[in-house]
Amino acid sequence: MEQILLNGLITGSQYALIALGLTLIFSLMSILNFAHGQMYVLGAFVTYYVYGKLGLPFIVAVIASGLTLALIGAIFEKYLFNTVLKRSVREESSMLLAAGTAFFLDALILIVFGEKQRSVPALVDGVFWGEEFGLDIIIPYNRVVIEIIAVVMIVSFILFMQYSKPGRAMRALAQDKTAAQLMGVDLDRYSLIGFALGAMLAGVAGSLLVTITGVNSGIGGGISIQAFTMIMIGGAGVISGAILGGFILGLVEAFGLYYLPGDITYLVIFVGLMIFLTLRPQGLMGKPWG
């Protein structure tokens, strides 16, 4: 039981980091970034080449992944999403554009990196055995390090959104765009910053988890589905809801994979999600739609 709970909490913190970027973009622009999983994959591949191939320090690879995806996110927002949102009168246009960017990145990743599974060396070797401390747990030290970094990233993001000027501006826009603009908040500027930050979080998440799971060109769609599941559980556009949704999904997945066959676990998760959304479509922490 202790091992299952620990696995769920560790997986949940990693999932929460993935979901934060997606929910930030949605809260600012009401766009479901279908390419979020593909951005995760790009971040993982950047780390694979910088850390795994070039042998540079892992922190350099994480920074490179974050900056690369922040640049891609900024380009997407400025030249694609911002343009469509201003010119189109139909909300479906941004959704179709988001799907198009996901298909584009999927094809680009496949062409550039191929289908082969890649992995990188662990940050640290060794395994923690809980028996020495009376605990029934076994966990590689590499996962412990990644878990600590993920938690630090989540806390740093929360503090940034809570206390920094850009963070407060983005929170104001998420709550009421009209009122925020009347108070002098530049919508275009902070939408750009928010989209770039959301893409950066996806890249950093991929950079961290490539040391555990590796990466290949076909996992982007699955990562996006997991991220959507988390924000639907917690509430779309709610940062605390994304974190809560990540931990809930991580725990449910850990217990399900232990007690049920793998395929059945995910079937049960999605059936449960559909039932949950019929009862509370706004999620646990979201506001009622409309």
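Select Leu 187 to begin: leaving out residues up to four places away in sequence, Leu 187 touches Leu 173, Lys 177 and Gln 181, where contact means heavy atoms within 4.5 Å. The model is a predicted one, in which local features need pLDDT of at least 70 and side-chain atom pairs count only at pLDDT 80 or more, while totals for chains, interfaces and linings use all residues. Residues are numbered from 1 along each chain as its sequence is written, and side-chain values use heavy atoms, with hydrogens and water left out.

Leu 187 lies in helix α8; helices (H or I, at least four residues) and strands (E, at least two) are DSSP runs numbered from the N terminus. With a relative accessible area of 22%, Leu 187 is partly exposed, a class between buried (under 20%) and exposed (over 50%), as judged with a 1.4 Å probe on protein chains only. Although Leu 187 and Leu 173 are 14 residues apart in sequence, their C-alpha atoms are 7.4 Å apart in space.

**Next, select Asp 188 and Lys 86.** The side chains of Asp 188 and Lys 86 meet in a salt bridge, 2.9 Å from N to O, the term being used for a side-chain nitrogen of Lys or Arg within 4 Å of a carboxyl oxygen of Asp or Glu. Asp 188 belongs to helix α8 (residues 187-213) and Lys 86 to helix α3 (residues 58-87), so the pair ties together parts that are 102 residues apart in sequence. A search of the whole structure finds 1 salt bridge. Asp 188 is partly exposed at 32%, whereas Lys 86 is exposed at 56% relative accessibility.

Stay in helix α3 and select Asn 82, which is buried at 16% relative accessibility. Apart from neighbours within four places in sequence, Asn 82 is in contact with Glu 77 and Asp 188.

**Now show helices α1 and α6.** Helix α1 (residues 2-29) and helix α6 (residues 165-175) pack with their axes 7 Å apart and at an angle of about 60°; axes are lines fitted to C-alpha atoms, for helices over the stretch in contact, and angles run from 0 to 180 degrees between N-to-C directions. The two helices are therefore oblique to each other, given that angles under 35 degrees count as roughly parallel, over 145 as roughly antiparallel, 65 to 115 as roughly perpendicular and the rest as oblique. Leu 24, Ser 27 and Leu 28 of α1 make the contact with Met 170, Leu 173 and Ala 174 of α6.

Elsewhere in α1, Ser 13 is buried, at 0% relative accessibility. Residues up to four places away in sequence aside, Ser 13 touches Glu 147, Val 151, Ile 154 and Phe 247.

**Then select Ile 18.** Ile 18 is among the residues with the most contacts inside the largest nonpolar core, which has 68 residues; such a core is a set of buried Ala, Val, Leu, Ile, Met, Phe, Trp, Tyr and Cys residues joined through side-chain atoms within 4.5 Å. Beyond four places in sequence, the contacts of Ile 18 include Ile 223 and Ala 227, both of which are buried in α9.

**Finish at helix α9.** In α9, 11 of the 15 residues are buried, so this helix is largely enclosed by the rest of the structure. The end C-alpha atoms of α9 (residues 220-234) are 21 Å apart, in agreement with the 21 Å that its 15 residues should span at 1.5 Å a residue, the expected span being 1.5 Å times one less than the number of residues. Just after α9, select Gly 235, which takes a positive phi of about 120°.
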